[in-house]
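Dear colleague,

I am handing over the structure below, and after it I set out what was found. Please read the notes with the coordinates open beside them.

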Amino acid sequence: MNVVPGSFKKCVGIKLGWEQGYRLREMPPRRLNTASGNPTLDTNRKGENCILMRDINKIIIHCSATPEGRDIDAETIRDWHVNGNKWSDIGYHYVIRLDGELETGRSIDKVGAHVKGHNKDSIGICYIGGMDSDGNPKDTMTPEQESTMREIIFALRIVADKEMTLHGHNEYSSKACPSFKVSEKFADIL
Ligand SMILES: [Zn+2]
């Protein structure tokens, strides 16, 4: 894994982008025990440290099912989900642009809307792409997107302080999303 300790603050405190003001200012944060026995992280109202309010066990990868090379942002997906699907917010927690930029979607302390039956204990990350120009499923993940994907997964696991398992949407439904087998592409970090 190419993430060095010095980048923890960057990748955890900034790239996770808890715009509610949560920031990881020191490691390790104080631990709390949840009812399930899984540790979560503590924070305070000043925004010190981070918190995972939900009991999260899985990270699930998605694609936006858009043609290779077309860059769209989280705000566009939010519009599809809010105005199109009439959901409360974007279904994913993170969106990764073609150039690898990480955008925040739904706050990770909130249950997402990305895999039927598996939203409650998961985090959904969507990379932009996943289709060829004819609309057929294709792994279009750019090296920059893959790099960011690995970084955010690594950071989330640190913050959660547990081994959240990694999956693709297609493990839970007949959909092609994310247009590759996570168990193969990310076999080294499952
Ligand atoms: Zn999906």
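**The sheet and its surroundings**

Strands β3 and β7 pair in the parallel sense, with six bridges between them, and within that pairing I60 stands opposite G124 in β7. Please keep in mind throughout that this is a predicted model. On its other pairing with β9, β3 again runs parallel, here over four bridges, and the bridge partner of I61 in β9 is G168. Five of the six residues of β3 are buried, so the strand is largely enclosed by the rest of the structure.

These strands belong to an open sheet of five, arranged in the order β6-β5-β7-β3-β9, in which the pairing is mixed. Its edges are β6 (102-104) and β9 (165-168), each of which pairs on one side only, and neighbouring strands are turned against each other by 25 degrees on average when direction is ignored. Within the sheet, β5 (residues 94-96) pairs with β7 (residues 122-127) in the parallel sense over three bridges, and V95 stands opposite C126 in β7.

V95 also has a place in the largest nonpolar core, which has 31 residues and in which I59, V95, I96, I125, I152 and L156 have the most contacts. The elements that give two or more residues to this core are β3 (58-63), α2 (74-84), β5, β7 and α3 (143-160), and α3 gives the most, with six residues. Leaving aside residues up to four places away in sequence, V95 touches A74, I77, E103, G105, C126 and I128.

A further residue to look at is H118, which lies in the loop between β6 and β7. Is H118 buried or partly exposed? H118 counts as partly exposed, because it has 18 C-beta neighbours inside 10 Å, whereas a buried residue would need 20 or more. Again leaving aside residues up to four places away in sequence, H118 touches K58, I60 and Y172; H118 and I60 are 58 residues apart in sequence, yet 9.2 Å apart in space, C-alpha to C-alpha.

Finally, a word on confidence: the mean pLDDT of the chain is 79, and 71% of its residues reach 70 or more. Over residues 1-40, however, pLDDT stays under 50, and for this stretch the model has 59 contacts beyond four places in sequence.

With best regards

How values were computed:
Residues numbered from 1 in each chain as written. Predicted model: local features only at pLDDT ≥ 70, side-chain atom pairs only at ≥ 80, totals over all residues. Pairing = 2+ DSSP bridges. Axes fitted to C-alpha atoms, helices over the stretch in contact; angles between N-to-C directions. pLDDT = per-residue confidence, 0-100. Contact = placed C-beta atoms within 7 Å. Core = buried A, V, L, I, M, F, W, Y, C linked by C-beta atoms within 7 Å. Buried ≥ 20, exposed ≤ 12 C-beta atoms within 10 Å, placed from the backbone.
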